[in-house]
Amino acid sequence: MIARVNEFGVTITPKEASALTIPLNDEAAKNSAGDYEDLVLLDPDDDGDGILAFVDGKNIEPMYALVKMVKIPERAFMRGSFDKKKRKMSEQAEELINGVLTLKYDAKTALNMIGQTIVTQVQAYMTQLRQPPNSQVTANNKNSSNPLIDDGHLRDSITYKIRSS
């Protein structure tokens with residue numbers, strides 16, 4: 001799901017609530033807004049967007065931003081990596097097919113070499129991607145400035161599978 005969202009982009013809107021709650025700090029990210037009884041809605045224009053915060057006199061601790069929608073832009077790491085390297089991949093595939101035909105490789109070895117090359121190219125493309133950048137809220141809550149990498153789980157999950165018919 002995360003790969004699909006990043007590859008094609010998505011607009012997220014609330015299904016049952018009037019707004020989405022976006023955590024603004026580590027504590028908020030570990031809980032939901034409903035876990036707190038004493039959050040105060042700060043919404044100067046009463047449009048439903050605003051901030052849920054702890055308010056103690058003059059001290060305000062913002063916890064969640066309330067928004068009507070979140071638009072995650074397309075970051076086409078699969079299509080982008082193929083578009084960038086399609087000539088190189090075609091040349092390699094042709095070379096490997098010739099290797100199979102001349103008995104230099106068996107078909108499974110050639111397919112594994114192609115699969116591993118594609119995995120490496122997609123992972124490298126993901127690592128180098130910088131545009132479009134993360135929103136400021138996302139950037140503040142991530143371990144990386146790369147829009148596709150936080151802990152590396154998505155990148156590390158890129159793999160291939162050879163299927164026989």
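Reply: Helices (H or I, at least four residues) and strands (E, at least two) are DSSP runs, numbered from the N terminus. This is a predicted model, where local features need pLDDT of at least 70, side-chain atom pairs count only at pLDDT 80 or more, and totals for chains, interfaces and linings use all residues. Residues are numbered from 1 along each chain, and side-chain values use heavy atoms, without hydrogens and water.

Me: Which helix gives the largest share of the lining of the second largest pocket?

Reply: That is α4, with 5 residues. A pocket is an open set of points on a 1 Å grid where a 1.4 Å probe fits, with protein on both sides within 12 Å along at least five of seven lines; lining residues have an atom within 4 Å of a point. Helices α1 (2–8), α3 (77–101) and α4 (107–128) each supply at least two lining residues.

Me: Which residues are closest to its centre?

Reply: Of the 17 lining residues, A3, F77, M78, I158 and T159 are the closest to the centre of the second largest pocket.

Me: Changing topic, where is the cis peptide bond?

Reply: The cis bond joins Q131 and P132, with omega at about -10°. P132 belongs to the loop between α4 and α5 (136–140).

Me: And what is the phi of L103?

Reply: Phi of L103 is near 65°, a positive value in a residue other than glycine. L103 sits in the loop between α3 and α4.

Me: What about L42?

Reply: L42, in strand β3 (residues 40–42), has 30% relative accessibility and so counts as partly exposed, the class between buried (under 20%) and exposed.

How values were computed: Buried < 20%, exposed > 50% of the residue type's maximum accessible area, 1.4 Å probe, protein only.
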